[in-house]
Amino acid sequence: WNKRRREIATDYSRRIQNPKIQTPEIPGEDHVAHLYVVECENRNAFQSHLGRNGIASGIHYPIPDHRQPSMQGRPFFADGLRVTENLADRVVTLPCFPEMTDEEVSSVIDSVNDW
């Protein structure tokens, strides 16, 4: 399963060519690729586009840990975590599971590139 997810992630990283989407580097052999997370400026519009094309997407950890109620008032987060906060508003998880067919992978790539 890990090998297949790496294949999908590699395909995504090589073939997604949309300047509005930032993809991760091609995973190495030690990566399990259980999530394939991209960055984009207008996440809501991007996810709507994917949905119209029948492609599920997700937002993992939509609220950063330091914004969780249990972390409020902690002094070491007084200035916030700017990179974390920026990414929390930009990241989208694309489908990446071992049962995906090559056709499904291509469909995701085409939809991302068409946005």
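**View 1. Three strands form an open sheet in the order S1-S2-S3, with antiparallel pairing.** S1 and S3 stand at the edges with a single partner strand each, so one side of each of these strands has no neighbour in the sheet. The model is a predicted one, in which local features need pLDDT of at least 70 and side-chain atom pairs count only at pLDDT 80 or more, whereas totals for chains, interfaces and linings use all residues. Residues are numbered from 1 along each chain as its sequence is written, and side-chain values use heavy atoms, with hydrogens and water left out. Helices (H or I, at least four residues) and strands (E, at least two) are DSSP runs numbered from the N terminus, and two strands pair if DSSP finds at least two bridges between them. Strand S1 (residues 21–22) is joined to S2 by 2 bridges, and Ile 21 has Cys 40 as its bridge partner in S2. S2 and strand S3 (residues 91–94) pair over 4 bridges in the antiparallel sense; here Val 38 has Val 92 as its bridge partner, while Val 37 stands opposite Thr 93.

**View 2. The side chains of strand S2 (residues 36–40) alternate between two faces.** In a regular strand the side chains alternate between the two faces of the sheet.

**View 3. Helix H2 (residues 43–52) lies across S1, S2 and S3.** H2 runs at about 20° to S3, where axes are lines fitted to C-alpha atoms (for helices over the stretch in contact) and angles run from 0 to 180 degrees between N-to-C directions. Which residues of H2 are buried? They are Arg 43, Phe 46, Gln 47, His 49 and Leu 50. These residues lie on the same side of H2 because they cover an arc of only 155° around the axis, the arc being that of the directions from the helix axis to the C-beta atoms. The buried residues of H2 are covered by elements that include S1, S2, helix H3 (82–88), S3 and helix H4 (102–114). The face of H2 turned away from the buried side carries the exposed residues Asn 44 and Arg 52, and just after H2, Gly 54 takes a positive phi of about 75°.

**View 4. The largest pocket holds about 170 Å³ of space.** Val 37, His 60, Tyr 61, Thr 84, Leu 87, Ala 88, Val 91 and Thr 93 line this pocket. H3 and S3 are the elements that give two or more residues to the lining, and H3 gives the most, with 3 residues. On a 1 Å grid over the protein atoms alone, a pocket is an open set of points with protein on both sides within 12 Å along at least five of seven lines, whereas a cavity is a set of points where a 1.4 Å probe fits but cannot get out; lining residues have an atom within 4 Å of a point. Grid points are joined across faces, edges and corners, and the volume is the space filled by probe spheres set on the points.

**View 5. Ile 109 is found in helix H4.** Ile 109 is buried, with a relative accessible area of 1%. When neighbours within four places in sequence are left aside, Ile 109 is in contact (heavy atoms within 4.5 Å) with Asp 11, Tyr 12, Arg 15 and Ile 16. The C-alpha atoms of Ile 109 and Asp 30, which are 79 residues apart along the chain, are separated by 24 Å.

**View 6. Gly 28 is found in the loop between S1 and S2.** Gly 28 is partly exposed, with a relative accessible area of 32%. Its C-alpha atom is separated by 24 Å from that of Arg 90, which is 62 residues apart from Gly 28 along the chain.

**View 7. The protein as a whole has 4 helices and 3 strands.** From the N terminus on, its elements run α-β-β-α-α-β-α, and the C-alpha trace spans about 50 × 35 × 20 Å along its principal axes. Of the 115 residues, 37% count as buried.

How values were computed:
Buried means under 20% relative accessible area, exposed over 50%, partly exposed in between (1.4 Å probe, protein chains only).
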